[in-house]
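The entries follow the order in which I looked.

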Amino acid sequence: MIAKLVIDKKREGHALGSAEIREFIEGFTAGDIPDYQMSALAMAICCRGMTERETADLTDAMMRSGRCLEWNLDAPTADKHSTGGVGDKLSLVIQPLAAACGLAVPSLTGRGLGLTGGTADKLETIPGYNASLSLDDFSKTVAEAGVSMTVQTDEITPADKKLYALRDVTGTVASIPLITASILSKKLAEGAGTLVFDVKCGAGAFMKTREDALALAKSLVGGAKAAGRRSAALVTDMNAPLGAAVGNANEVAEALAILRGEIDQSRADVGLCIELAALMVSLARETTLDDARKMCRERLADGSAMEKFSAMVKSQGGDLDRFERMMHEPVSKFRVQSMRHGVVAAIDAEKVARVAFRLGAGREKAGDRIDPRAGVTLSVAAGDKVSLGAPLATLERSGGPDGLEAAAAELLKAFTIVPSPIERRGLILERVE
Ligand code: URA
């Protein structure tokens, strides 16, 4: 394989052969193919696209660039991946809920870069929680607690790590085949037999349009099935934040409230947790979706999902009592109030996330410190009536109150309040099975 000829071929719009793709990725991972040739191929893929077969080959080559886990457990294995959104703490509920329904859930997750923290950042606000397990300890936790959430190690898909760093600086992130191979190679290497995807769409999401989100969902599900896994996806709305909390520790507190049954199952975000967990259960256990939904509702209500979450936290060194005490420690707060009577028509997820970031909830570059208590907690949802002076949200952060008032003025711009009622819309936009 001559790298330049492979780049030429893709630039001219031809499909690459399986061996060409495999050898290119092997060469890049080993350092034999330089970054500039990989970047050129990524740009050619961006411009010319890839067939389903090429995308599957690219995914497979990237998956094989590192360690691939295998599970020999009695329970069927499954995981859920979200493309990420504002206030998206759903994994903290869905993964233990699926475990409570008899699945083994190995979930390699990420730290956030940008406006808000990732699932690992949220979990790490629980004092003692180790989100950097070795793969052996990860396997042990899944076997013992039924579920584990930890950061992906460098042993998994090193080709993706190297390639993503290049794509980030060469304008080659926005390509469905490259995004599919990146996400899917990591999830396939994790070894779960069932993979469910929550592809977010809207102002607060990576995919801004419904068409792009649907194309990615189809590509992920098609790729997972081509690799022999059971798979389905939902395309879900991410124009407003999910739930009330946007931050890190406050999101964990909200997830705990859902797991403890303190938030009604009819709330949209709780309903989405049930729907995604039910998809995992129905695919992995070969039951109807209705039976799986019923089981998920019961296991959430009877505390079994909370037990699974507690078992995982304990097994990974975390202390939920200390977390509760931490949440009672004083922080600086500022309340945002409505400037008019009316109905909340929209809450701009991206604007809320920018304010949470400004308070310290996200990191600009890898290694930056996150303030676990920084964030925004909404008091209203789209469709709610508000009166003049009614609370819309509370801003919080550790340390002094400097800057909170200015951040509150920014946050106010996230709310659109209109005089007449609006139609409440559900979160699920599309289903891909
Ligand atoms: N998330 C990933 O892991 N990879 C991409 O390419 C885009 C989003």
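Before the pocket, I noted the terms: on a 1 Å grid over the protein atoms alone, a pocket is an open set of points where a 1.4 Å probe fits, with protein on both sides within 12 Å along at least five of seven lines, and lining residues have an atom within 4 Å of a point. Grid points are joined across faces, edges and corners, and a volume is the space filled by probe spheres set on the points.

I also noted that this is a predicted model, in which local features need pLDDT of at least 70 and side-chain atom pairs count only at pLDDT 80 or more, while totals for chains, interfaces and linings use all residues. Residues are numbered from 1 along each chain as its sequence is written, and side-chain values use heavy atoms, with hydrogens and water left out.

I looked up the second largest pocket and found about 820 Å³ of space in it. Its lining has 30 residues, and Asp-237, Ala-240, Ala-382, Arg-425 and Leu-427 are those that lie nearest its centre. Helix H12 (268-285) and strand E8 (342-347) are the elements that give two or more residues to this lining, where helices (H or I, at least four residues) and strands (E, at least two) are DSSP runs numbered from the N terminus. E8 provides the largest share, three residues. I sorted the lining into 16 nonpolar, five polar and nine charged residues, counting Ala, Val, Leu, Ile, Met, Phe, Trp, Tyr, Cys and Pro as nonpolar, Asp, Glu, Lys and Arg as charged, and the others, Gly among them, as polar.

Entry on the domains. I find the chain divided into domain 1 (3-49), domain 2 (78-323) and domain 3 (330-418), with bounds that come from an automatic or database domain assignment. The centres of domain 2 and domain 3, taken over C-alpha atoms, are separated by 25 Å. Their contact takes 25 residues from domain 2 and 23 residues from domain 3, contact meaning heavy atoms within 4.5 Å. Each of these two domains also gives at least three residues to the lining of the second largest pocket.

Entry on the four-stranded sheet. I followed an open sheet of mixed pairing in the order E1-E4-E5-E13, where two strands pair if DSSP finds at least two bridges between them. Strand E1 (78-82) and strand E13 (428-432) are its edges, each pairing on one side only. E1 runs parallel to strand E4 (residues 194-201) over five bridges, and Ala-78 has Thr-194 of E4 as its bridge partner. Helix H9 (residues 176-189) packs on the sheet, touching E1 and E4, and its direction makes about 150° with that of E4; axes are lines fitted to C-alpha atoms, for helices over the stretch in contact, and angles run from 0 to 180 degrees between N-to-C directions.

Entry on E8 again. Which strands pair with E8 in the open sheet of three? I read the order as E10-E8-E12, with antiparallel pairing, and strand E10 (385-386) and strand E12 (415-418) as the edge strands. Four bridges join E8 to E12, and Ile-347 stands opposite Phe-415 in E12.

Entry on E9. Strand E9 (residues 375-378) is joined to strand E6 (residues 245-247) by three antiparallel bridges, and it pairs with strand E11 (residues 391-397) in the antiparallel sense over four bridges. Gly-375 is the bridge partner of Gly-247, and Glu-396 in E11 is the bridge partner of Gly-375.

Entry on Leu-289. I placed Leu-289 in helix H13 (residues 289-301). Leaving out residues up to four places away in sequence, Leu-289 touches Glu-275, Ala-278, Leu-279, Ser-282 and Arg-431.
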